[in-house]
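Here is a briefing on one protein model, grouped by topic. Please view the sequence and structure first.

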Amino acid sequence: MKVAWEEFETRAKEVLEPYRGKFKSVTGPKRSGAIASVFASHYLGLVWFPYGREIPSILKPSLIIDTAIMSGRSLRRCKKMVGEDCEMVALFKEPPVVSFFYERK
């Protein structure tokens, strides 16, 4: 399934809206998490941290977001780095395999 920008944006807003006002920062696992977390940062007005950067306790709780989830391994790995004061969310579930507007054909 190919996801265009418009579908990504619509889905992200739907998923993120219930989290408004609950977090102080956002991050995401590696490349796909960077896309989703930067979007979430702008949409929710949160401080964005690149994957692997330590998030100061003053900027927690944190939201961890990824574009797609299959096993949840990437999100769990990111949570282990961030700590317990966070929540994980994904925009799409796989299968079916999802490809995004920012990926090469």
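Two strands pair if DSSP finds at least two bridges between them. In this predicted model, an open sheet of four strands has the order S3-S2-S4-S5, with parallel pairing. Helices (H or I, at least four residues) and strands (E, at least two) are DSSP runs, numbered from the N terminus. The model is predicted, and local features need pLDDT of at least 70, side-chain atom pairs count only at pLDDT 80 or more, and totals for chains, interfaces and linings use all residues. Residues are numbered from 1 along each chain as its sequence is written, and side-chain values use heavy atoms, with hydrogens and water left out.

**The sheet**

- Strands of a sheet pair through backbone hydrogen bonds, either parallel or antiparallel.
- The edge strands of this sheet are S3 (47–48) and S5, each of which pairs on one side only.
- S2 and S3 run parallel and are joined by two bridges; valine 26 has tryptophan 48 in S3 as its bridge partner.
- S2 (residues 25–27) also runs parallel to S4, with three bridges between them, and threonine 27 stands opposite isoleucine 64 in S4.
- Seven bridges join S4 to S5 (residues 86–93), and these two strands run parallel; alanine 68 is opposite phenylalanine 92 in S5.
- In S4 (residues 62–69), seven of the eight residues are buried, where buried means under 20% relative accessible area, exposed over 50%, and partly exposed in between (1.4 Å probe, protein chains only).

**Helices on the sheet**

- H1 lies across S4 and S5 and runs at about 145° to S5.
- H3 (residues 73–82) lies across S2, S4 and S5 and runs at about 165° to S4.
- Axes are lines fitted to C-alpha atoms, for helices over the stretch in contact, and angles run from 0 to 180 degrees between N-to-C directions.

**Packing of H1 and H2**

- Two packed helices are described by the angle between their axes and the distance between the axes.
- H1 (residues 5–16) packs with H2 (residues 30–44) at an angle of about 60°, and their axes are 11 Å apart.
- That angle makes H1 oblique to H2; angles under 35 degrees count as roughly parallel, over 145 as roughly antiparallel, 65 to 115 as roughly perpendicular and the rest as oblique.
- From H1, Trp5, Phe8, Glu9, Ala12, Lys13 and Leu16 meet Ile35, Ala36, Phe39, Ala40, Tyr43 and Leu44 of H2, contact meaning heavy atoms within 4.5 Å.
- By class, the contact of H1 with H2 has 10 nonpolar, no polar and two charged residues; Ala, Val, Leu, Ile, Met, Phe, Trp, Tyr, Cys and Pro count as nonpolar, Asp, Glu, Lys and Arg as charged, and the others, Gly among them, as polar.

- Proline 29 lies in the loop between S2 and H2, and counts as buried at 5% relative accessibility.
- Not counting residues up to four places away in sequence, proline 29 touches Ala34, Tyr51, Ile64, Ile65, Asp66, Ser74, Leu75 and Cys78.
- Proline 29 and proline 56 are 27 residues apart in sequence, and 18 Å apart in space from C-alpha to C-alpha.
- Serine 41 is in helix H2 and is buried, with a relative accessible area of 11%.
- Neighbours within four places in sequence aside, serine 41 is in contact with Val26, Leu46, Val47 and Trp48.

- Glutamate 87 is in strand S5 and counts as partly exposed at 36% relative accessibility.
- Leaving aside neighbours within four places in sequence, glutamate 87 is in contact with Tyr19, Phe23, Ser62, Leu63 and Ile64.
- Glutamate 7 is in helix H1 and counts as partly exposed at 36% relative accessibility.
- Glutamate 7 touches Lys2 and Phe92, not counting residues up to four places away in sequence.

**Backbone geometry**

- The peptide bond from lysine 60 to proline 61 is cis, with omega near 15°; proline 61 is in the loop between S3 and S4.
- Lysine 30, in helix H2, has a positive phi of about 50° although it is not a glycine.
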